[in-house]
Amino acid sequence: IDTSCYDSVIWIEDGAHEIGNPTKLGNRLDEFQDLTGISICVKTMYDSEWKKESGTLESYAYSDYLRKFDDEYHWYLVYSKNDGKGKDKWSWEGMQGDNTDVILTSKYADKFTDTVQSSLKSGESFEIAVIKGLDVISPKIMTSADLSMFFGAVLLFILICYGAYALFIE
């Protein structure tokens, strides 16, 4: 994805004070963007904040994505921390722009989600969980995208050659 096509600024908004080393996380988000062209933005907050305007964190994250981004090139990760008014200690949602689907397929999004979820359940911070999730998918994500683009180009070349051959034979 060409980052010149959209506002590709990466940011971390840590309202729940869950990111111990924003520089480390920011560097990892930058690396992922350099690899894929997808900008990841991270927000941490308390449950009471999103419950003021939405019934679910998913609904809040979707609405907030639409407010913050006028494109479909971002991956927005929202982590919510219990502020003493609910049974769950934490929850999180990831909102992915439609134009990221060609690279961030459901296969990779699911691997990322599983890794983050597992890390959070084992007591790791959201920051570490996100870094681990990116570490799992980054080595493979562009390899498969590159291969599919390569095979598409080969198929197109074959069709063009066949068309030219058929044109000159007649």
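This is a predicted model: local features need pLDDT of at least 70, side-chain atom pairs count only at pLDDT 80 or more; totals for chains, interfaces and linings use all residues.
Which residues form one aromatic cluster? Phe-32, Trp-75, Tyr-79, Trp-92, Phe-112 and Phe-126 do.

- The structure holds nine aromatic pairs, where rings of Phe, Tyr and Trp (its six-membered ring) pair if their centres lie within 6.5 Å, and planes under 30 degrees apart count as stacked, over 60 as edge-to-face and the rest as tilted.
- Phe-69 and Tyr-76 form an edge-to-face pair, because their ring centres are 5.5 Å apart and their planes stand at 75°; both residues are buried (under 20% relative accessible area, with exposed over 50% and partly exposed in between, for a 1.4 Å probe and protein chains only).

**The Trp-92 and Phe-112 pair**

- The rings of Trp-92 and Phe-112 have centres 6.2 Å apart and planes at 75°, so this pair is edge-to-face.
- The pair links distant parts of the chain, 20 residues apart, with Trp-92 in strand S4 (residues 90–96) and Phe-112 in helix H4 (residues 106–121); helices (H or I, at least four residues) and strands (E, at least two) are DSSP runs, numbered from the N terminus.
- Trp-92 is buried, with a relative accessible area of 10%, and Phe-112 is likewise buried, at 0% relative accessibility.

**A loop residue with positive phi**

- His-17, although not a glycine, has a positive phi of about 55°, and His-17 lies in the loop between strand S1 (12–14) and helix H1 (22–36).
- His-17 counts as exposed, because its relative accessibility is 63%.

Notes. Residues are numbered from 1 along each chain as its sequence is written. Side-chain values use heavy atoms; hydrogens and water are left out.
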